[in-house]
Amino acid sequence: MTTHGAKAAQLRQAAEDAFAEEITALKRSDDRPRPPNWQMSPQAVVIYLMGGRLSSGFEVTPKYIGDRRLMEIAVATLATDRALLLLGVPGTAKSWVSEHLAAAICGTSRLIVQGTAGTSEEAIRYGWNYALLLAKGPSREAVVSSPIMRAMNEGRIARVEELTRIPSETQDSFITVLSEKTLPIPELNEEVPAQKGFNLIATANNRDRGVNELSSALKRRFNTVVLPPPATIEAEIAIVESRVASLGRTFEIPAEPPGAAEIRRVVTIFRELREGVTADGKSKVKQPSGTLSTAEAISVVGSGLALAAHFGNGRLSAEDLVSGISGAVVKDPVQDAIVWREYLETVVKERADWKEFYRAARASA
């Protein structure tokens, strides 16, 4: 199989591969000043993220639907010596934005450290090839570079996912990197200096506050940009439509694209339960324990499409959606089940054009 064929067969392509044509078009048309080692100007990076039409007539698709100013702040931060922290509740596109920022700025989003409770200092700094270490002793040849070290060497953007999941004592490894822009290797009496263009994008879930709180010293090294849930129902519907269409193409789901009414219904339910009030503002509703994010809405519609395609008539129906919505809402089998049943009886049942959905939801409850 050719390289192009192999990429086409991948389940998920990195942003720089999936949107290579757009990146190339932006680089070709971009005549603004570029920070050192950036492949396009800050203005072009924002166009890549927000979408727009180039002077050549080429149409750039939006990757982020939301406040343009937030993206401008994020991009401007990365053009300075401050690192960027994308903060928000689950499902607000933090990882998505991080990936696309890195792809647009330096051409690769693959220099990434996944933060977990088991993330070690070696994953951030460097490790050793122990076979070479035993055979020849400490040497640069025996050093195994971390993604952070590689980004420093190459003047690229490194990414850290779920920063607050990393143990506090390990987080401190970032302080020297971000303040001194060097990574010491004491065993060799050497250091790796960061090249121009190096910076760091970290993401964190603000519901994890207190899990491994960042130290004051580390917080000062970041400029924090909070990514909020979509401000309006129309914006959230647009996000869900776009991402579900992309999922349908990727997984080659043989179903009709979902109608606007089905997507609006899912998004309406999620927003009302998330915000604790109906769309018209007239009635309060109890909130479940989960986040009911836009990402979960995308998953619900995508799963419904698969059900319709493989076990239905190829057209998304209420029956295809209710199990996914119920699974997203009912995280606590006792309290959330009560919230869901009450919402069905006091809100859904009263909507004349939701009768089919109500019957399907009651049947599966």
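Predicted model: local features only at pLDDT ≥ 70, side-chain atom pairs only at ≥ 80, totals over all residues.
Five strands form an open sheet, and their order is S4-S7-S10-S3-S11. The pairing is parallel. Two strands sit at the edges: S4 (112-114) and S11 (222-226). Each of these pairs on one side only. From one strand to the next, the twist averages 20°.

Now follow the pairings. Strand S3 (residues 83-88) is joined to S11 by five bridges, and the two run parallel. Leu84 has Asn223 in S11 as its bridge partner. S3 is also joined to S10 by five bridges, again in parallel. There, Gly88 has Asn205 of S10 as its bridge partner. S10 in turn pairs with S7 in the parallel sense, over four bridges. Arg159 stands opposite Ile201 in S10. Behind pairings of this kind lie backbone hydrogen bonds, and strands can be parallel or antiparallel.

How many residues of S10 are buried? The count is seven of its seven, and the strand is mostly covered. In a regular strand, side chains alternate between the two faces of the sheet. S10 can be read that way. Asn199, Ile201, Thr203 and Asn205 point one way. Leu200, Ala202 and Ala204 point the other way. Residues in both sets are buried.

Helix H6 (residues 94-106) touches S3, strand S7 (157-161) and strand S10 (199-205). The direction of H6 makes about 170° with that of S7.

H6 has a helix partner too. Two packed helices are described by the angle between their axes and the distance between the axes. For H5 and H6, the axes come within 12 Å and cross at roughly 50°. H5 and H6 are therefore oblique to each other. The crossing is right-handed. H5 brings Met71, Ala74, Val75 and Leu78 to the contact, and H6 brings Val97, Leu101 and Ile105. By class, that contact has seven nonpolar residues, no polar ones and no charged ones.

Asp67 lies in the loop between strand S2 (59-60) and helix H5 (68-78). Its relative accessibility is 45%, so Asp67 counts as partly exposed. Asp67 and Pro230 are 163 residues apart along the chain, yet their C-alpha atoms are separated by 9.1 Å.

Helix H3 (residues 20-29) and helix H4 (residues 42-50) have axes that come within 10 Å and cross at roughly 150°. H3 and H4 are therefore roughly antiparallel. Their crossing is right-handed. On the H3 side, the contact involves Glu22, Ile23 and Leu26. These meet Ala44, Ile47 and Tyr48 in H4. The contact has five nonpolar residues, no polar residues and one charged residue.

Then turn to H17 and H18. The axes of helix H17 (residues 335-346) and helix H18 (residues 355-364) come within 11 Å and cross at roughly 150°. That angle makes H17 roughly antiparallel to H18. The crossing of H17 and H18 is left-handed. H17 contributes Trp340, Leu344 and Glu345. H18 contributes Phe357, Tyr358, Ala361 and Arg362. By class, the contact of H17 with H18 has five nonpolar residues, no polar residues and two charged residues.

Is Thr268 buried or exposed? Its relative accessibility is 9%, so Thr268 counts as buried. Leaving aside residues up to four places away in sequence, Thr268 touches Ile233, Tyr343, Arg351 and Trp354.

Arg274 also has its place in H14. Its relative accessibility is 18%. Buried means under 20%, so Arg274 counts as buried. Which residues does Arg274 touch, not counting those up to four places away in sequence? They are Pro229, Glu236, Gln287, Thr291, Leu292, Ser293 and Thr294.

Technical notes:
Residues numbered from 1 in each chain as written. Heavy atoms only, no water. Axes fitted to C-alpha atoms, helices over the stretch in contact; angles between N-to-C directions. Parallel < 35°, antiparallel > 145°, perpendicular 65-115°, else oblique. Left-handed = near helix turned anticlockwise from the far one by under 90°. Contact = heavy atoms within 4.5 Å. Nonpolar A, V, L, I, M, F, W, Y, C, P; charged D, E, K, R; others polar. Buried < 20%, exposed > 50% of the residue type's maximum accessible area, 1.4 Å probe, protein only. Pairing = 2+ DSSP bridges.
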